[in-house]
Amino acid sequence: ANLRGRNAQWAEQAVREAVNVTADQALQLHVIDLIAPDLPTLLSDIDGRTVQMANGTATLQTKDAATREIDMTYVESFLQMLADPTIAYLLLSLGLLGLYVELSHPGVTVPGVVGGIAVVLGLFALGTLPVNWAGVLLIALAFVLFAADLFLPSFGTLTIGGLVSFVLGSYLLIGSNAPPGYEVARPVIWTLTACLLVFSLFLAAAVLKARLRRPATGKQAMIDMVGTVRSALKPSGMVFVNGELWSATLEGRGQTEVPEGTPVVVTRVEGLRLVVRPATAAEVARAEQAERQAEVGDRREVIPVVGAPLTKPGTPSP
């Protein structure tokens with residue numbers, strides 16, 4: 001600034017304190033030489049000025065000079081778009097959401113790949129912005145809490161904490177030294193927060209439904225099944241359950257013997273032995289109804305079509 005005859009004091013404040021001024025104030029502080037409304041006026045105003053070059057002084061001859069516009073390349077336009085704080089925020093948030101979906105549903109692949117690319121682009125964009133990295137860590141922590149809530153019995157407290165962390169991180173993402181208006185759009189923050197809330201509720205409902213669903217395979221699936229005694233229980237014997245013959249023992253001590261052919265209900269499985277009790281009439285009826293429904297669902301009927309055989313024109317029918 002001293003070499004070019006500028007305001008060195010303001011230049012130091014601009015670097016150290018990130019101060020900024022309007023165009024008119026810059027002209028008053030001798031930060032700039034002049035203000036021109038358009039390019040032809042600028043070329044006319046600076047014509048004849050003497051400037052200091054590395055090898056001496058030179059006089060500008062810019063009046064009526066030919067000009068040529070050089071547009072940005074596609075890559076430069078793309079990088080300029082990434083430098084927008086809201087775009088960087090969307091890339092980071094949606095990328096982390098994609099990784100979250102991939103971790104909660106392994107094997108989907110597409111959200112993980114797209115999310116990984118978006119996170120890398122988001123971090124690249126944040127590297128060109130005045131970022132408060134505490135905000136980035138809070139956003140990342142939010143998705144860690146979302147994922148942990150799927151596997152821990154937190155009753156939704158981790159999801160609530162994740163939403164709070166996400167909102168705080170979103171507001172803190174751009175540092176306080178950023179120029180005015182250089183911030184993440186507030187409607188975008190709350191829209192993403194609402195989407196995360198709905199998505200978390202959907203996942204929580206799916207996980208709860210899966211946990212409450214009766215097991216279809218394994219030992220736990222045999223609980224409450226109705227079987228038939230094949231060898232009298234005194235108190236141990238054999239029962240036929242779910243198409244298999246099992247060793248079984250009577251539950252409790254109130255009854256010491258159950259004759260062959262008696263319906264029984266499985267109460268628990270201990271190793272390779274079932275613990276059973278006599279079935280009630282309602283349980284037997286429910287089991288028979290379920291068996292009939294299964295048979296109807298698996299039945300395939302062939303309905304014959306009765307009619308005259310097809311014949312060629314002019315051929316007498318048999």
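Tutor: Start with Arg-6 and Asp-33. In this predicted model, their side chains meet in a salt bridge, with N to O at 2.4 Å. This pair links distant parts of the chain, 27 residues apart. Arg-6 sits in the segment before helix H1 (8-16). Asp-33 sits in the loop between helix H2 (23-28) and helix H3 (39-45). Is either end buried or exposed? Arg-6 has 32% relative accessibility, so it counts as partly exposed. Asp-33 has a relative accessible area of 37% and is partly exposed as well. Side chains of opposite charge can pair when their charged atoms come close.

A search of the whole structure finds 6 salt bridges. Take Arg-16 and Glu-12 next. Their side chains meet at 3.1 Å, N to O. This is a local pair: both residues lie in helix H1, 4 residues apart, about one turn of the helix. Arg-16 has a relative accessible area of 67%, so it is exposed. Glu-12 is partly exposed, with 46%.

Now move to Glu-283 and Arg-277. The closest N and O atoms of this salt bridge are 2.8 Å apart. Glu-283 counts as buried because its relative accessibility is 15%, and the cut-off for buried is under 20%. Arg-277, at 26%, counts as partly exposed.

Glu-251, Arg-268 and Glu-270 are linked in a network of salt bridges.

The strands come next. Strand S6 covers residues 263-270, and strand S7 covers residues 273-278. S6 and S7 pair in the antiparallel sense over 6 bridges. In that pairing, Val-264 has Pro-278 of S7 as its bridge partner. The two strands form a hairpin with 2 residues between them. Gly-271 lies in the turn and has a positive phi of about 70 degrees. S6 also pairs with strand S3 (residues 226-231), again in the antiparallel sense, over 3 bridges. There, Thr-228 has Pro-263 of S6 as its bridge partner.

Ala-287 and Val-226 are 61 residues apart in sequence, yet their C-alpha atoms are 6.5 Å apart in space. Ala-287 belongs to helix H10 (residues 281-298). Ala-287 is at 26% relative accessibility, so it counts as partly exposed.

In soluble globular proteins, nonpolar side chains tend to be buried together. Here the largest nonpolar core holds 30 residues. Tyr-89, Leu-126, Ile-139, Phe-143, Phe-166 and Leu-173 touch the most other members. Look at Phe-143 in particular. Leaving aside neighbours within four places in sequence, Phe-143 is in contact with Ser-93, Leu-96, Leu-97, Tyr-100, Phe-166 and Leu-196. Another core, of 15 residues, lies apart from the largest one. Its members include Met-222, Val-239, Ala-248 and Val-269.

Some nonpolar side chains are on the surface instead. Val-75, Phe-78, Leu-79, Met-81 and Phe-124 form a nonpolar patch there, with about 460 Å² of accessible area together. Helix H4 (residues 74-82) gives the largest share of the patch, 4 residues. Leu-79 is in helix H4. Leu-79 has a relative accessible area of 37%, so it is partly exposed.

Finally, the whole protein. There are 10 helices and 7 strands. Of the 318 residues, 26% are buried. The protein exposes about 21600 Å², with carbon and sulfur atoms supplying 61% of that area. Among contacts between residues at least 6 apart in sequence, 52% join residues at least 24 apart. The Arg-6 and Asp-33 pair, 27 residues apart, also links distant parts of the chain.

Definitions and conventions:
Residues are numbered from 1 along each chain as its sequence is written. This is a predicted model: local features need pLDDT of at least 70, side-chain atom pairs count only at pLDDT 80 or more; totals for chains, interfaces and linings use all residues. Side-chain values use heavy atoms; hydrogens and water are left out. Buried means under 20% relative accessible area, exposed over 50%, partly exposed in between (1.4 Å probe, protein chains only). Contact means heavy atoms within 4.5 Å. Accessible areas come from the Shrake-Rupley method with a 1.4 Å probe; for residues, only the protein chains shown count as cover. Two strands pair if DSSP finds at least two bridges between them. A salt bridge is a side-chain nitrogen of Lys or Arg within 4 Å of a carboxyl oxygen of Asp or Glu. A nonpolar core is a set of buried Ala, Val, Leu, Ile, Met, Phe, Trp, Tyr and Cys residues joined through side-chain atoms within 4.5 Å. Patches are made of residues with over 30% relative accessible area and no salt bridge: like charges are joined within 9 Å, nonpolar side chains (Val, Leu, Ile, Met, Phe, Trp, Tyr) within 5 Å.
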